[in-house]
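Reader: I am new to this structure and would like to be taken through it step by step. Could we begin with whatever term is needed for the helix packing?

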Amino acid sequence: MSLSEIFNPLLLLGVFVAGGLGSMLRFAISKLNGFWPWGILIANIVGSFFAGWAVIYFETNLTWLAILVVGLAGGISTFSAWAAGTVQLVARDRPLAATLYTIVTLILSSTAAYVGLLLG
Amino acid sequence: MTKLFFSEFFLVFLGGGLGSLLRYALGSALELSLGSSLAVSLSLVIVNVTGALFLGIVSFHPYFASIQRKAFWGSGVSGGFTTMSGVALFLYQPSSLAITAVMFALGFLAFAAGVNIGKAKAGLK
């Protein structure tokens, strides 16, 4: 992709809107919060699955790849909220829960991406 | 309450769009200058670690105390700027495990550092 293709105004608008919608979805699910930050975990799994699926399904279409993989899936999923949840668990003297939450996030997100890659 | 709820959602939309756009721009710029494989890992580490630091600041800094600013800058910009789906896909590339481990460790420390910066400004420390 050339510079003018990457920074095409319509494509940028698409990434903005998709990233915004994904973030709203994550924000809605993030209200699920108890023993673990369940909502963020679910958002990361859903986002990873969708990214895997879209990467294959739109393999040759760089525009849709940017909008759906970078924008929508990237907007739904998040790393900063994982960091926040983990630091808070450690601060509340629950280092084991923080470790498990991290391992589960990594394993389930990568598995979801793999299933998406298979189905795409 | 309903009105506040919807304005909060709208602010998350705007912030998340902006954060995602910034992540896209950074990733693309790095890809053009460095080539694909190095750019993917480098941009992931940069967005996730700086985004975690920023969310830590947003959580406690007095400037971000209002619900509206937390929605826009926290759940929106910082949430949209960082990504886990990118990490999940990255894990299927060779030698990604060590980089991911370092990124998670740095992200954890960065958020904690952000919290300290925010709390210091808020006079909590």
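This is a predicted model: local features need pLDDT of at least 70, side-chain atom pairs count only at pLDDT 80 or more; totals for chains, interfaces and linings use all residues.

Reader: At roughly what angle do the axes of α2 and α4 of chain A cross?

Author: The axes of helix α2 (residues 9-29) and helix α4 (residues 62-76) of chain A cross at roughly 25° and come within 6 Å. Angles under 35 degrees count as roughly parallel, and α2(A) and α4(A) are therefore roughly parallel to each other.

Reader: Is the crossing of α2(A) and α4(A) right-handed or left-handed?

Author: The crossing of α2(A) and α4(A) is right-handed.

Reader: Which residues meet there?

Author: From α2(A) the contact includes Leu11(A), Val15(A), Ala18(A) and Arg26(A). From α4(A) it includes Thr63(A), Ile67(A), Val70(A) and Leu72(A). The residues of this contact of α2(A) with α4(A) divide into 12 nonpolar, 9 polar and 1 charged.

Reader: Staying with α4(A), how many of its residues are buried?

Author: In α4(A), 11 of the 15 residues are buried, so this helix is largely enclosed by the rest of the structure. Among the buried residues are Ala66(A), Leu68(A), Val69(A), Gly71(A) and Ile76(A).

Reader: And what span should α4(A) have at 1.5 Å a residue?

Author: The 15 residues of α4(A) should span 21 Å at 1.5 Å a residue, and the end C-alpha atoms are 20 Å apart, which agrees.

Reader: Let me step back. How many helices and strands does chain A have?

Author: Chain A has 6 helices and 0 strands. From the N terminus on, its elements run α-α-α-α-α-α. The C-alpha trace of chain A spans about 50 × 30 × 25 Å along its principal axes. Buried residues make up 50% of its 120 residues. Of the contacts in chain A between residues at least 6 apart in sequence, 71% join residues at least 24 apart.

Reader: How many residues of α3(A) are buried?

Author: Helix α3(A) is mostly covered, with 15 of its 20 residues buried. This helix, residues 38-57, reaches 28 Å from its first C-alpha to its last, close to the 28 Å expected at 1.5 Å a residue.

Reader: What covers the buried residues of α6(A)?

Author: The cover includes α3 and α5 (80-91) of chain A, together with α4 of chain B. The buried residues of α6(A) include Ala98(A), Tyr101(A), Leu106(A) and Gly116(A). Helix α6 (residues 95-119) of chain A has 25 residues and reaches 36 Å from first C-alpha to last, close to the expected 36 Å.

Reader: Now the other chain, please. How many helices are in chain B?

Author: Chain B has 5 helices and 0 strands, in the pattern α-α-α-α-α along the sequence. The C-alpha trace of chain B spans about 50 × 35 × 25 Å along its principal axes. Buried residues make up 49% of the 125 residues in chain B.

Reader: How many residues of chain B are in contact with chain A?

Author: On chain B, 41 residues are in contact with 41 residues of chain A. The largest share of this side of chain B, 15 residues, comes from α1(B). The residues on this side of chain B divide into 20 nonpolar, 20 polar and 1 charged.

Reader: Where do the two chains have helices that cross, and how do α2(A) and α3(B) meet?

Author: As one example, the axes of α2(A) and α3(B) come within 10 Å and cross at roughly 115°. The contact is made by Gly19(A), Ser23(A), Arg26(A) and Phe27(A) of α2(A) and by Ser75(B), Gly76(B), Gly79(B) and Gly80(B) of α3(B). The residues of this contact divide into 1 nonpolar, 6 polar and 1 charged. In handedness, α2(A) passes α3(B) in a right-handed crossing.

Technical notes: Residues are numbered from 1 along each chain as its sequence is written. Chains are lettered from A and ligands numbered from 1 in the order in which they are written. Two residues are in contact if their C-beta atoms, placed from the backbone, lie within 7 Å. Helices (H or I, at least four residues) and strands (E, at least two) are DSSP runs, numbered from the N terminus. Ala, Val, Leu, Ile, Met, Phe, Trp, Tyr, Cys and Pro count as nonpolar, Asp, Glu, Lys and Arg as charged, and the others, Gly among them, as polar. Axes are lines fitted to C-alpha atoms, for helices over the stretch in contact, and angles run from 0 to 180 degrees between N-to-C directions. Angles under 35 degrees count as roughly parallel, over 145 as roughly antiparallel, 65 to 115 as roughly perpendicular and the rest as oblique. A crossing is left-handed if the near helix is turned anticlockwise from the far one by less than a right angle, and right-handed if clockwise. A residue is buried if 20 or more other C-beta atoms lie within 10 Å of its own, exposed if 12 or fewer, and partly exposed in between; C-beta atoms are placed from the backbone. The expected span of a helix is 1.5 Å times one less than its number of residues.
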